[in-house]
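Have the model open as you read.

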Amino acid sequence: MPSIQWFPGHMNSGRKKAAENMAITDVLIEVVDARLPAASSNPLIDELRKFRQRPCLKLLNKADIADPAATKVWLDHYNGIPGLKAMAVSFKKQSDMAKVVGWCRSLAPTRGSPDKQLRMMIMGIPNVGKSTLMNGLLGRKVAAVGDEPAVTKSVQRLEIDNSHVVLDTPGLMWPKIELESDGYMLAASHAIGTNAVLEDEVAYFLGNLLLKRYPGLVASRYGFDIAGLDGVSLVEKIATKRAWRKKGGALDIEKAAMALLKDYRTGVTGNISLETPQSREAMIAEKRAA
Ligand code: GDP
């Protein structure tokens with residue numbers, strides 16, 4: 001696959017502000033995408049947390065469309081790390097959102113009164129659900145929630161009630177692309193804007209991954225035999241089966257690629273996780289060996 005330049009050069013522009021805000025934070029809430037928890041985190045968050053010795057609630061959001069078996073493995077993995085509490089959530093559910101403050105209180109038991117407010121900061125890469133959580137915690141709309149990355153921009157410090165405060169957007173971080181597959185996984189999951197990459201390359205990557213990890217779901221979603229297919233031929237077959245053609249008669253590959261991506265992004269294909277701790281270890285080992 002070609003090497004893609006995912007970002008311009010300002011990936012860590014939020015670093016200084018995040019470090020300043022960490023000093024006035026009791027509990028850090030890191031939101032990641034449950035379908036790709038490592039690729040959708042930024043190691044800087046962990047670095048800052050350790051430097052300031054702040055506990056962290058790591059929320060694996062969008063668990064409603066992730067693979068529950070993979071999510072469980074990730075939770076066991078993260079919950080073995082000191083200073084970290086990891087939980088799987090779906091911010092589509094008000095009942096999950098309602099638990100977040102209690103989890104934060106358990107990490108900072110001396111805080112959470114009018115004299116000693118519990119100060120929480122939400123951090124995460126674009127499109128993981130930070131604004132949705134913010135709105136849910138505050139019970140009102142304070143930040144634009146949209147399906148396009150990086151809608152959240154300005155800094156906000158907001159009271160949930162007189163004992164609980166939440167800082168919002170200084171926590172916007174760009175993902176750190178440690179492995180090339182991270183870039184593809186993030187693009188497939190819409191954490192990286194669609195204009196930044198070639199969507200069909202991303203669809204081929206996703207197709208290969210889905211065929212390997214979830215062949216049954218792919219077969220039942222598209223209703224054809226998938227034996228012997230790879231990402232490219234899967235996309236072609238979707239276009240052929242649906243008779244998607246451009247003017248002049250050529251197969252409309254872009255349309256089929258978009259359909260594959262959209263089905264994954266919206267959870268229509270099924271409950272899918274793109275990585276596990278084991279698959280990530282294997283990718284890292286492969287990179288070292290190369
Ligand atoms: P932010 O960029 O991190 O602030 O992310 P947003 O809060 O704007 O959410 C990004 C997109 O993910 C929106 O389309 C949300 O509706 C969607 N979203 C947020 N939480 C969940 C969830 O738990 N499950 C699903 N399926 N979608 C979610």
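## The sheet

Six strands form an open sheet with mixed pairing, in the order E3-E2-E1-E4-E6-E5. Strands here are DSSP runs (E, at least two residues), helices are too (H or I, at least four), and both are numbered from the N terminus; two strands pair if DSSP finds at least two bridges between them. Strand E3 (84-88) and strand E5 (157-161) sit at the edges with a single partner strand each, so one side of each has no neighbour in the sheet. From one strand to the next, the twist averages 25°.

Strand E1 (residues 27-33) runs parallel to strand E4 (residues 118-123), paired over four bridges. Leu28 has Met121 in E4 as its bridge partner.

## About the model

This is a predicted model: local features need pLDDT of at least 70, side-chain atom pairs count only at pLDDT 80 or more, and totals for chains, interfaces and linings use all residues. Residues are numbered from 1 along each chain as its sequence is written.

## Helix against helix

Helix H7 (residues 180-188) and H8 cross at roughly 100°, their axes coming within 9 Å. Axes are lines fitted to C-alpha atoms, for helices over the stretch in contact, and angles run from 0 to 180 degrees between N-to-C directions. That makes H7 roughly perpendicular to H8 (65 to 115 degrees). Tyr184, Ala187 and Ala188 of H7 meet Val202, Phe205 and Leu206 of H8, with contact meaning C-beta atoms, placed from the backbone, within 7 Å.

Helix H8 (residues 199-213) also packs with helix H10 (residues 231-241), at about 100° and with axes 7 Å apart.

Technical notes:
Angles under 35 degrees count as roughly parallel, over 145 as roughly antiparallel, 65 to 115 as roughly perpendicular and the rest as oblique. Two residues are in contact if their C-beta atoms, placed from the backbone, lie within 7 Å.
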